[in-house]
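Thanks for coming. Please have the sequence and the structure open.

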Amino acid sequence: MNAIRLAATIGVAGAALLFATGSFAGPEKVKYPADYAKTFTLYDEVDLIVPKVVRNYFVNPAALKAAKPGKAAPEGTIILMEDHKAKLGADGQPMLDAKGRFIPEPEVMRVIIQEKEKGWGAEYPPEKRNGEWEYAFFNPDGTQKADFKYDGCFACHKQAREKSDYTFTFAKYVADHPKSR
C-alpha cells in the first residue's frame, strides 16, 4: 500500500512540476506581441479567396536575420498572420486594386501565431507533432481566443513536413530572398 501511495504522490508532484514550469503543450505558451506591426517584418501578403480575406505575414526580425535557405527556422521564430476582411463591392465580391489584389479593410479580424521554441511540441504524439512549433489564435484586442480548436493547424502544417519546417510561406520566402535579409 505504501508503494501505491508513493507512486500516486510522485505522479501528482510530477504533474504539478510540469504545470509550474510551463512544460505543457498548448497555445498558452504563445504570447501576443503587441508591437508586432512596428517591430516585425512584413514578408508576404496573400489574398484568400475563401473566406475573402487579406492575410499579412510577419516574422520577428531576429528569426528573419538568422534564417538560412534550406534549413529549419531558428528557435525563437514567430510567424504572425494578420487577417483583414477584403472590401466587397455591391456584387459581394472582393474589390481589387490596380495590381488585381484584394483591397483590405483597415480593421484586423484576427491574429494567428506559429511560434517555435526549443522543446516545444514534445508533449504531442508523433502523428500530431509539428517539430517544435505551437499555434495560437488571438482576437484583434490581443486576447487569446479561448475556444479555438488547433487540430486543423497541426493537420494542415503537418503537410508541409520537415522539408519546410512545417511552414508554408516562411521557408519559401527565405529560399527566394537569401540576400534581402
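Let me begin at one residue, Ala37, which lies in helix α2, residues 36-39. Helices here are DSSP runs of H or I with at least four residues, strands are runs of E with at least two, and both are numbered from the N terminus. Ala37 is exposed, with a relative accessible area of 55%. The cut-offs are these: buried is under 20% relative accessible area, exposed is over 50%, and partly exposed is in between, using a 1.4 Å probe and protein chains only. Ala37 and Phe58 are 21 residues apart along the chain, and their C-alpha atoms are separated by 8.2 Å.

A word on the source. This is a predicted model, in which local features need pLDDT of at least 70 and side-chain atom pairs count only at pLDDT 80 or more, while totals for chains, interfaces and linings use all residues. Residues are numbered from 1 along each chain as its sequence is written, and side-chain values use heavy atoms, with hydrogens and water left out.

Now the overall plan. The protein has five helices and five strands. Read from the N terminus, the order of elements is α-α-β-β-α-β-β-β-α-α. There are 181 residues, and 36% of them count as buried. A contact means heavy atoms within 4.5 Å. Of the contacts with a separation of 6 or more, 57% are between residues 24 or more positions apart.

Next, the sheet. In what order do the five strands of the open sheet come? The order is β1-β2-β3-β4-β5, with antiparallel pairing. Strands of a sheet pair through backbone hydrogen bonds, either parallel or antiparallel. Two strands count as paired if DSSP finds at least two bridges between them. β1 and β5 are at the edges with a single partner strand each, so one side of each has no neighbour in the sheet. From one strand to the next, the twist averages 20°.

Two pairings in detail. β2 and β3 are antiparallel over seven bridges, and Arg55 has Asp83 in β3 as its bridge partner. β4 and β5 are antiparallel over six bridges, and Gln114 has Tyr135 in β5 as its bridge partner. Helix α4 packs on the sheet, where it touches β4 and β5, and its direction makes about 135° with that of β5. For such angles, axes are lines fitted to C-alpha atoms, for helices over the stretch in contact, and the angles run from 0 to 180 degrees between N-to-C directions.

Stay with β5 for a moment. Six of its six residues are buried.

A nonpolar core is a set of buried Ala, Val, Leu, Ile, Met, Phe, Trp, Tyr and Cys residues joined through side-chain atoms within 4.5 Å. The largest one has 32 residues, and Tyr43, Ile113, Tyr150 and Phe170 have the most contacts inside it. Elements that each supply at least two residues include β2, β3, β4 and α5. β5 gives the most, with five residues. Tyr150 touches Pro27, Tyr135, Ala136, Phe137, Gln144 and Lys145, leaving aside residues up to four places away in sequence.

Now the rings. How many aromatic pairs does a search of the whole structure find? It finds 10. Rings of Phe, Tyr and Trp (its six-membered ring) pair if their centres lie within 6.5 Å; planes under 30 degrees apart are stacked, over 60 edge-to-face, and the rest tilted. Tyr43 and Tyr57 have ring centres 6.0 Å apart and planes at 45°, so this pair is tilted. Tyr43 is in strand β1 and Tyr57 in strand β2, 14 residues apart. Tyr43 is buried at 7%, and Tyr57 is buried at 9%. Tyr43 also pairs with Phe170: the centres are 5.7 Å apart and the planes at 70°, so this pair is edge-to-face. Phe170, in helix α5, is 127 residues away from Tyr43, and at 3% relative accessibility Phe170 counts as buried. Elsewhere, ring pairs link Tyr32, Tyr36, Phe58 and Phe138 into a cluster.

That is the end of the tour.
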